[in-house]
Amino acid sequence: MTAEVIQDKLKVIVQPYVNHQENFDNLTSKSDFINDLQINSANLVDVVLDVEDEFDIRIENDDMEKMISVEATVNVIQKKLETK
Amino acid sequence: MIGNDIVDLKKAKTDSNIFRPRYMHKVLSQNEQNLVLSSPNPEEEFWRLWTMKESAYKAFQRKLNFKSVFNPFAFHCKLMDSEKGIVHFDGDHVKTTTIFNRENYTYCSVSCSSSSRSFIANSKEELVQNLRAEFGESSQPELLKLKNNLPFIKIASKTIPASITHHGIYFAIQF
């Protein structure tokens, strides 16, 4: 799966938790979940669980801690899919 | 050290389902999960532990100057009584104090040896009013974020480290 396809799927996943619509509309790989999209940290757990369900992968703690931006999350997903 | 976190319990009820499968496993150790599941009020207990972890994270981020990460599982909570707690992280620890306002909010702040102040407000305006009352009516307290997005209060020529938290209708600051 290419980074672009993963990012598109991720955009759909984060949408319900976003608190900054304009930054969401202009989402890029550099977008930060907490500062740019203003996702509440308790909902970051939901993003991680939704990602696990959508891509059928399991994310360990040391990967989860990197998942604070679009780019970092796409990288984690891509790596997990490669080793599946 | 400063670090604080507030959870609006009404908002938390609608925004998060802590009983969602695997949710607690992502953020709590087995001991912490047992505390939540054996509590007469599991949600309150969960948010107590969560705000302790978040407060400690903010305190250690400022102390150790690390970039933002999302690793609540790296912080281990020990409850001393209904308010006091200890959070262990990476061989170090901080003490915390929790204020419960039943059905409204759970507020946690890291306790430090030097005198720190905390304000809890129902709006950003009220928070700024509290700061004006503290620093003088003519002061123009400004909230800003510097390196690693760490917050500070700027008043005249002084820049004071602060921890700021906002959830639902609540705002709180510690400095």
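**Reading the strands, the chain and a helix pair**

Modeller: Let us begin with β7(B), which pairs with strand β8 (residues 151–155) of chain B in the antiparallel sense over 4 bridges. Strands pair if DSSP finds at least two bridges between them; strands (E, at least two residues) and helices (H or I, at least four) are DSSP runs, numbered from the N terminus. The model is predicted, so local features need pLDDT of at least 70 and side-chain atom pairs count only at pLDDT 80 or more, whereas totals for chains, interfaces and linings use all residues. Residues are numbered from 1 along each chain as its sequence is written, while chains are lettered from A and ligands numbered from 1 in the order in which they are written.

Colleague: Which residue stands opposite B:L143 in β8(B)?

Modeller: Strands of a sheet pair through backbone hydrogen bonds, either parallel or antiparallel. Here B:L143 faces B:I153.

Colleague: In what order do the 3 strands of the open sheet lie?

Modeller: The order is β7-β8-β9 in chain B, with antiparallel pairing. Because β7 (142–145) and β9 (158–161) of chain B each have a single partner strand, they stand at the edges, and one side of each lacks a neighbour in the sheet. Neighbouring strands of this sheet are turned by 35° against each other on average, direction ignored; such axes are lines fitted to C-alpha atoms, for helices over the stretch in contact, with angles from 0 to 180 degrees between N-to-C directions.

Colleague: Is B:D81 buried or exposed?

Modeller: The count of other C-beta atoms, placed from the backbone, within 10 Å decides: 20 or more means buried, 12 or fewer exposed, and in between partly exposed. B:D81 has 7 such neighbours and therefore counts as exposed. The residue lies in the loop between β2 (76–79) and β3 (84–89) of chain B. B:D81 and B:T98, 17 residues apart in sequence, are 9.9 Å apart in space, C-alpha to C-alpha. Of the 175 residues of chain B, 34% count as buried.

Colleague: How many helices and strands are there in chain B?

Modeller: Chain B has 5 helices and 11 strands. Its C-alpha trace spans about 50 × 35 × 25 Å along the principal axes.

Colleague: At what angle do helix α1 and helix α5 of chain A cross?

Modeller: The axes of α1 (residues 3–14) and α5 (residues 70–82) of chain A come within 10 Å and cross at roughly 115°. In α1(A), A:A3, A:I6, A:Q7 and A:L10 meet A:V70, A:T73, A:V74, A:I77 and A:Q78 in α5(A), contact requiring C-beta atoms, placed from the backbone, within 7 Å.

How values were computed: Two residues are in contact if their C-beta atoms, placed from the backbone, lie within 7 Å.
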